[in-house]
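Biologist: Could you walk me through this one? I'd like to know how to read it.

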Amino acid sequence: MAASPTLVIGTRGSPLALAQAHETQDRLVAAHGWTVEHLPLSIIKTTGDAIQDRPLSEAGGKGLFTKELDIALLDGSIDLAVHSAKDLPTALPEGIVIAGFLPREDVRDAFISHRYRSLSDLPQGAVVGSASLRRQAQVRRLRPDLQVTLLRGNVQTRLAKLERGEVDATLLAMAGLRRLGLTDHVTTVLETDDFLPAVGQGAIAIAIRAEDERVRAALAPILDMATAHALAAERAFLTILDGSCRTPIAGHARLVGGELEIRGLVLRPDGSECLEAIRRGSPDDAAALGREAGSELRSRMPPDFLTS
Ligand SMILES: NCc1[nH]cc(CCC(=O)O)c1CC(=O)O
């Protein structure tokens, strides 16, 4: 066996981020027979972690969770950065690339409530808390009679707020709940046909320095091709529609038989309108399928769609 190199794994400090970093560490240990001492974690606080009082879409969007990790990659203080693919901006800084993705977790959202069994079981006027424009808009689309409020914080904080009765229900990603061992809290799982996940949901992306062949080779055995195809389609879809991080967007790609299928949605924030596009084709054309779905929605969107 080759001598164990030292690779420093950069991560945010939230419990979910740490679980994802540990999963990466464990997979590298299993693939290479290395020891965890040679895969130290470097915990880095990001601007996104510090802002708790307003929606991140108002504070500058997704890059807020990645900037400090990007800097650490570029200055060599870490060798790889572990991210929730969902929180990664579509454009990465010069010199940084996504090496690939770990095998994807459950992509679905969960409905969580202590008093009600499902979204359709909530009484008129019940309060659903979420920080995600996508979840807020899809809830309003399905149940225009509910109150939708902002609920921020990490997964545990949100569950605690629900516990205290600040909201009647909330929605969280199954992937995060599974990684944190918190699926006991799940009331019902929302199928993707009814409630479409965010682009990248459930996938862990690993960012590296573009030129770093040593780290790229070390990661190769733990990366998952099916997830890479799905994410290529989803991220290409999002790139076409980006520009406004105030737009509720959902997108999910998966292999059906040997084909890749992407389904994408854009919604008005109030849920009054929802446009859908679907493309199916060869996984080798993943990015093109995503771009086509995005372009179709862009051309069908009324001019005021992004601002209403
Ligand atoms: N924006 C926060 C965030 N980023 C990734 C996940 C869950 C894990 C995932 O989707 O991979 C979550 C929490 C949530 O949406 O419930």
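Modeller: Let's go through the layout, the ligand shell, the core and a couple of helices. This is a predicted model, where local features need pLDDT of at least 70, side-chain atom pairs count only at pLDDT 80 or more, and totals for chains, interfaces and linings use all residues. Residues are numbered from 1 along each chain as its sequence is written.

Biologist: OK, how is the chain divided into domains?

Modeller: There's domain 1 (9-103 + 203-223), domain 2 (109-190) and domain 3 (236-300). Those bounds come from an automatic or database domain assignment. Between domain 1 and domain 3, the C-alpha centres are 25 Å apart.

Biologist: And which residues surround the ligand?

Modeller: Around the ligand you'll find Ser84, Lys86, Asp87, Val155, Leu172, Ala173, Ala175, Gly176, Gln201 and Gly202. A residue counts as near if its C-beta atom, placed from the backbone, lies within 6 Å of the molecule. Domain 1 and domain 2 each give at least three residues to that shell.

Biologist: Which helix and strand supply at least two residues each?

Modeller: That's β8 (169-173) and α7 (174-179). Helices (H or I, at least four residues) and strands (E, at least two) are DSSP runs, numbered from the N terminus.

Biologist: How does the shell split by class?

Modeller: It has 4 nonpolar, 4 polar and 2 charged residues. Here Ala, Val, Leu, Ile, Met, Phe, Trp, Tyr, Cys and Pro are nonpolar, Asp, Glu, Lys and Arg are charged, and the others, Gly among them, are polar.

Biologist: New topic: how many residues are in the largest nonpolar core?

Modeller: It has 76, and Leu80, Ala110, Ala205, Ile206, Ala233 and Phe237 have the most contacts inside it. Helix α9 (residues 225-241) gives the most to this core, with 8 residues. A nonpolar core is a set of buried Ala, Val, Leu, Ile, Met, Phe, Trp, Tyr and Cys residues joined through C-beta atoms within 7 Å. Buried means 20 or more other C-beta atoms within 10 Å of a residue's own, exposed means 12 or fewer, and partly exposed is in between, with C-beta atoms placed from the backbone.

Biologist: What does Ile206 touch?

Modeller: Leaving out residues up to four places away in sequence, Ile206 touches Thr24, Leu80, Val82, Ile98, Ala99, Gly100 and Leu219. Contact means C-beta atoms, placed from the backbone, within 7 Å.

Biologist: Which residues of α6 are buried?

Modeller: In α6 (residues 155-163), Val155, Arg158 and Leu162 are buried. Down the axis, the buried residues of α6 fall within an arc of 65°, so they line one face. The arc is that of the directions from the helix axis to the C-beta atoms. Their cover includes α1 (15-32), β5 (109-112), β8 and α7, while the face turned away carries the exposed Ala160 and Glu163.

Biologist: Why would they line up like that?

Modeller: An α-helix has 3.6 residues a turn, so residues three or four places apart point the same way.

Biologist: And what do the buried residues of α4 pack against?

Modeller: They pack against β1 (9-11), β3 (80-84), β4 (96-101) and β10 (204-209). In α4 (residues 67-74), the buried ones are Leu69, Asp70 and Leu73. They cover an arc of only 105°, which puts them on the same side of α4. Just after α4, Gly76 takes a positive phi of about 85°.

Biologist: Last one: is Leu275 buried or partly exposed?

Modeller: Leu275 counts as partly exposed, because it has 16 C-beta neighbours inside 10 Å. Leu275 sits in strand β13 (residues 274-281), and among the residues it touches are Leu265 and Leu297.

Notes: Contact = placed C-beta atoms within 7 Å.
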